[in-house]
Amino acid sequence: MIKDVEVLSCEYGKNTIKFLRLKREGKKHFVKEVEVCTHLRLTSAHDYLDGNNAAVIPTDTIKNIVLVLAKKNGIQTIEQFAIDICKYFMTTFCQVAYVKTYIQEVPWQRLQENGIPHIHSFICVPEGIRFCEAEQCKNGPLVVFAGIKDLKLMKTTQSGFEGFHKSECTTLPERNDRILCGELFCKWSYGECKDFDFDCVWNKVRECVIEAFAGPPDCGVYSPSYQKTVNSIQMLILSRVNDLHVSPVSSQVLIPVEAPYGSCTCTLGRKKFLEAQGHVLKEK
């Protein structure tokens, strides 16, 4: 190896571990279909530098561990399952310096007929994909993130875009009434891992996204720009869900063609949380 070159970071893992877990309670069945990606960083880089694989946990073993944990512990929520995976690797293998797990869930919903839930039949409803991430360094806190992606929303009025900067390249006319269609990606942090009702928080956040975008069902709410709508979503989430430290939302403004499309993103953080982070950094 060249003397003035050093390994700054190296990690590896198993991606796209897909499986469905079926739980039977008498005649009633419950399903969880998920996709898992788990990556590890080891305490040494001998595998990269010297070809020494003694500390390497094969990616096939990583896959098997994920499947075993799902069978053994079940999947109450994808967030808790991600926590279980991280804890297993950090407590079982002394050579693991860092672990990160990403999980997303297929949106299966129980079928209903005349308001009566079916005992064993489900429908896949594209009402936003639930996902989460959990990560931990050796001797560090376990941090959990969660989010919604691929949530497509549209309203056919109560949206405009006026007063924007114009140049010689501007052809877009000002409008005070337009169709607004967006695909949202929303991600938040729970901070250090502790007991949360992950299902309750996720459902609340999703309700906030829809409410802030659409407004009251009888009259709606006016959107002067997609940026302002994104901010309204964030502020409503943070006002109603106290457990969250940060609420980033990024969005794509869509029309029914593949490209081009506009996008905007914004990240909010609670001041007390950010100040605490700054204090820790100063101490370090």
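Student: What do the side chains of Glu174 and Lys166 meet in?

Tutor: As a general idea, side chains of opposite charge can pair when their charged atoms come close. Here the side chains of Glu174 and Lys166 form a salt bridge with an N to O distance of 2.6 Å, the term meaning a side-chain nitrogen of Lys or Arg within 4 Å of a carboxyl oxygen of Asp or Glu. Please keep in mind that this is a predicted model, in which local features need pLDDT of at least 70 and side-chain atom pairs count only at pLDDT 80 or more, while totals for chains, interfaces and linings use all residues. Residues are numbered from 1 along each chain as its sequence is written, and side-chain values use heavy atoms, with hydrogens and water left out.

Student: Does Glu174 count as buried, partly exposed or exposed?

Tutor: The classes rest on relative accessible area: buried is under 20%, exposed is over 50%, and partly exposed lies in between, with a 1.4 Å probe and protein chains only. Glu174 counts as partly exposed because its relative accessibility is 38%, and Lys166 is likewise partly exposed, at 44%. Elsewhere, salt bridges that share partners join Glu79, Arg130 and Asp199 into one network.

Student: How many salt bridges does a search of the whole structure find?

Tutor: The search finds 12. One of them is the contact between the side chains of Glu105 and Lys32, at 3.1 Å from N to O. Because Glu105 lies in strand β3 (residues 96-105) and Lys32 in strand β2, this pair ties together parts that are 73 residues apart in sequence; strands and helices here are DSSP runs numbered from the N terminus (E of at least two residues for strands, H or I of at least four for helices). Glu105 and Lys32 are both buried.

Student: And what joins Asp199 to Arg130, at 2.8 Å from N to O?

Tutor: Their side chains also meet in a salt bridge, at that distance of 2.8 Å. This pair links distant parts of the chain, with Asp199 in helix α4 and Arg130 in strand β6, 69 residues apart. The two partners fall into separate classes, since Asp199 is partly exposed at 32% relative accessible area, whereas Arg130 is buried at 9%.

Student: How much space lies in the largest pocket?

Tutor: A pocket is found on a 1 Å grid over the protein atoms alone, as an open set of points where a 1.4 Å probe fits, with protein on both sides within 12 Å along at least five of seven lines; lining residues have an atom within 4 Å of a point. The largest one holds about 780 Å³, a volume taken as the space filled by probe spheres set on the points. It is lined by 27 residues, and the closest to its centre are Val31, Lys32, Glu105, Trp108 and Arg130.

Student: How far apart are Glu133 and Ile78, in sequence and in space?

Tutor: A comparison of the two separations shows how a fold brings parts of a chain together. Glu133 and Ile78 are 55 residues apart in sequence but 9.1 Å apart in space, C-alpha to C-alpha. Glu133 belongs to strand β6 and is buried, at 14% relative accessible area. In helix α4, Val205 is buried at 0%, and its C-alpha atom is separated by 8.8 Å from that of Gly147, 58 residues away along the chain.
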